[in-house]
Amino acid sequence: MSFFQEFKTFALKGNVVDLAVGVIIGAAFAKIVDSLVADVIMPLVSLVFGGLDFGNYYMALSGQAANLPLAEAKKLGAVFAYGNFVTVALNFFILAFIIFVMVRQINRLKARQPVDTAPDKAPETPEDVALLREIRDSLNRKS
């Protein structure tokens, strides 16, 4: 099997396609959560804490003035931008919580589905096989 045929076989398996769809949807979902945190939650949190912007919290490592915006402080040297970390960590916890709730609901829905406990009917024996069995049994009785 050539390399390209082997790759085509691998890439078109159901699991790989499902994984690709999951990654794409996950990336889009992460953007939604990023926007939720940056545009909705963090402004409310900063309002509670006196109008502070967590994105601009940093500790200057190169002697920058403490009252500069983060972007300007980065231009002047290294900074320890812990405010961005707080925002990204909050993103992670919100995303993890939402995924937990979704998986929990899916598991509940799966548990509610009725389980088919009736055994499947055995397939009917074809007529020619049944006839051959009768002949065999008849011959066995005669001998």
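Select Gln64 first. Its relative accessibility is 10%, so Gln64 counts as buried (buried means under 20% relative accessible area, exposed over 50%, partly exposed in between, with a 1.4 Å probe and protein chains only). This is a predicted model, in which local features need pLDDT of at least 70 and side-chain atom pairs count only at pLDDT 80 or more, while totals for chains, interfaces and linings use all residues. Residues are numbered from 1 along each chain as its sequence is written, and side-chain values use heavy atoms, with hydrogens and water left out.

**Around Gln64**

Gln64 sits in the loop between strand S1 (59–60) and helix H3 (70–76). Helices (H or I, at least four residues) and strands (E, at least two) are DSSP runs, numbered from the N terminus.

Which backbone oxygen lies 2.9 Å from a polar atom of the Gln64 side chain? It belongs to Ala73.

Show the neighbours of Gln64 next. Leaving out residues up to four places away in sequence, Gln64 touches Ala73, Leu76, Gly77, Ala78 and Val79. Contact here means heavy atoms within 4.5 Å.

Ala66 has a relative accessible area of 75%, so Ala66 is exposed. Draw a distance to Ala30: the two C-alpha atoms are separated by 32 Å, at 36 residues apart along the chain.

Then pick Asn67, found in the loop between S1 and H3. Buried or exposed, at 70% relative accessibility? Asn67 counts as exposed.

**The aromatic cluster**

Select Tyr57, Phe80 and Tyr82 together. These three form one aromatic cluster. The structure holds four aromatic pairs. Rings of Phe, Tyr and Trp (its six-membered ring) pair if their centres lie within 6.5 Å; planes under 30 degrees apart count as stacked, over 60 as edge-to-face and the rest as tilted.

Return to the four aromatic pairs. In one of them, the ring centres of Tyr57 and Tyr82 are 6.0 Å apart and the planes meet at 55°, so this pair is tilted. The pair links distant parts of the chain, 25 residues apart: Tyr57 is in the loop between helix H2 (14–48) and S1, and Tyr82 is in helix H4. Phe80 and Tyr82 also form a tilted pair, at 6.2 Å centre to centre and 40° between the planes.

Tyr57 is partly exposed at 22%. Tyr82 is partly exposed at 36%. Phe80 is partly exposed at 45%.

**The nonpolar patch**

Switch to a surface view. Met59, Leu61, Phe80, Tyr82, Phe85 and Val86 make a nonpolar surface patch of about 620 Å². Patches are made of residues with over 30% relative accessible area and no salt bridge: like charges are joined within 9 Å, nonpolar side chains (Val, Leu, Ile, Met, Phe, Trp, Tyr) within 5 Å. Accessible areas come from the Shrake-Rupley method with a 1.4 Å probe; for residues, only the protein chains shown count as cover.

Which helix gives the most to the patch? Helix H4 (residues 82–112) does, with three residues. Centre on Phe85, which is in helix H4. Phe85 counts as exposed, at 61% relative accessibility.

Move to Ile41 in helix H2. Ile41 is partly exposed, at 23% relative accessibility. Not counting residues up to four places away in sequence, Ile41 touches Leu36, Leu90 and Ile94. Ile41 and Leu90 are 49 residues apart along the chain, and their C-alpha atoms are separated by 9.3 Å.

**Last stop: the salt bridge**

How many salt bridges does a search of the whole structure find? One. Select Arg136 and Asp137, whose closest N and O atoms are 3.4 Å apart. A salt bridge is a side-chain nitrogen of Lys or Arg within 4 Å of a carboxyl oxygen of Asp or Glu. Asp137 is partly exposed at 32% relative accessible area, and Arg136 is partly exposed at 46%.

Definitions and conventions. A polar contact is a pair of N or O atoms within 3.5 Å; within protein, one must be able to donate a hydrogen and the other to accept it, and residues adjacent in sequence count only if both atoms are side-chain atoms.
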